[in-house]
Amino acid sequence: MSTDRLVARMRPFGTTVFAEMSALAVRTGAVNLGQGFPDTDGPREMLGAAVTALRGGANQYPPGPGIPALRAAIAEHQKRFWGLDSDPDGEVLVTAGATEAVAATILALCEPGDEVICFEPYYDSYAASIALAGAVRRPVTLRPGGPGGRYSFDPEELRAAAGPRTRLVLLNSPHNPTGKVFTPEELGWVADLCRERDLVAVTDEVYEHLVFTDASGPHVPLATLPGMRERTIRISSAGKTFSCTGWKVGWATGPAPLLSAVLRVKQFLTFVNAAPLQPAVAVALGLPDGYFDVFTSTMQARRDQLVAGLTDAGFGVLPSEGTYFVTADIRPLGGSDGLDFCRELPGRAGVVAVPTQVFYDHQDAGRHLVRFAFCKREEVIAEAVTRLRKLG
Ligand SMILES: *Cc1c(COP(=O)(O)O)cnc(C)c1O
């Protein structure tokens, strides 16, 4: 379709690679380990609460910042797991997924020409939201080969990315697509920069409950570092933690002056969303620790299953410390370009993966890397692994 009328700032953004690869999976009957959505439902209690709310008349506009029960549950949840205090009135905002929270934050805090530091490979919506705001992204590259073979970055590169127009640092940990968990040292570098340059940090923590036991450390919200609470917008979502990516219930927490700026924009993007799902997410956030423990350990077992299969198939598998994802180097299999490799993979092996080069500005840094999702049923991963062994 012609995009002649599309505004210039959105022209670089074509159809997402997820759409292309998912369509390829449907067309070829391949096992889809491309897009990161679970193939099982979330907790029974949550689904029941949604049905009750839907039948109980919770079907009109909820309050702008979210229903009080959900705001209270968000505050209690982050206090229970991360020791972070937020006032449900004024420091908690419910959004249409983490995606809207990120977009509204960037639109609220960046003038055209302002700069946003982000780590590449980056989640695809970041680049689009930065462009919509007329802002400019300044990527810092995550490279494999740090301690334990993990992805890491050069603190000098981070410092060099900050200039007079820098407003925000956008940090996603645990990180999609690499499966990296930022270490306390790395978080310290980010916090130092934010404090010294008076920058606001925006943290995407949608995988906060997916840090595996062999990660470099537990999940640490950047907002818990000294001096960071007052300059951090912390974002998360129900989608990944409760296997309901189609619900699009997310949230932002942060100091009232920053959060009210975000609300100002958010109210004109979606105004509100998901009235009957909000009470259900409140129930889910209040589930006992056992739910979260089983969720994490189940996902870690799926990771182990997929990593073993990819290793057998001959990939150069990189460490995945968390999230739904593992990345792999295709060069041991004779590949050099991940996009070509992923387009051919359904034909060669009946599996779909996603090339990560599309999430870099410096595409060469990720040309040979592809991402596989393991948030799938055991038998689905087993089938994918059987198919991938043909490659070796
Ligand atoms: C899935 C994902 C999101 C989107 O979350 P929604 O709640 O569906 O909007 C945001 N950031 C990252 C890193 C993700 O993987």
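**The ligand site and the aromatic pairs**

Good morning. In this predicted model, the residues around the ligand are Gly-97, Ala-98, Thr-99, Tyr-123, Asn-172, Asn-176, Asp-204, Val-206, Tyr-207, Ser-237, Lys-240 and Lys-248. Helix 4, residues 97-109, supplies the largest share, namely three residues.

Let me turn to individual contacts with the ligand. The side chain of Ser-237 has an N or O atom 2.6 Å from an oxygen atom of the ligand. For Lys-248, the corresponding distance from a side-chain N or O atom to a ligand oxygen is 2.7 Å. Asn-176 places a polar side-chain atom 2.9 Å from an oxygen atom of the ligand. Taken alone, the ligand exposes 380 Å², of which the protein buries 94%.

I now come to the aromatic rings. The structure contains 19 aromatic pairs. In one of them, the ring centres of Tyr-123 and Tyr-126 are 5.8 Å apart and the planes meet at 65°, so this pair is edge-to-face. Is Tyr-126 buried or exposed? Tyr-126 counts as buried because its relative accessibility is 3%, whereas Tyr-123 is partly exposed at 25%.

Tyr-291 and Phe-295, by contrast, form a stacked pair, with 6.1 Å between centres and 10° between planes. These two residues are four apart in helix 11, residues 289-313, and are therefore separated by about one helical turn. Both belong to a cluster that ring pairs link together, which also includes Phe-81, Trp-82, Phe-242 and Phe-292.

Finally, two charged residues deserve mention. Arg-371 lies over the face of Phe-325, 3.6 Å from the ring centre, and Lys-376 lies over the face of Phe-37, at 3.6 Å from that ring centre. Thank you.

How values were computed
Residues numbered from 1 in each chain as written. Predicted model: local features only at pLDDT ≥ 70, side-chain atom pairs only at ≥ 80, totals over all residues. Heavy atoms only, no water. Near = heavy atom within 4 Å. Polar contact = N/O pair within 3.5 Å; in protein donor to acceptor, adjacent residues only side chain to side chain. Areas by Shrake-Rupley, 256 points an atom, 1.4 Å probe, with all protein chains shown as cover. Phe/Tyr/Trp six-rings, centres within 6.5 Å; stacked < 30°, edge-to-face > 60°. Buried < 20%, exposed > 50% of the residue type's maximum accessible area, 1.4 Å probe, protein only. Lys NZ or Arg CZ within 6 Å of the ring centre and 35° of its normal.
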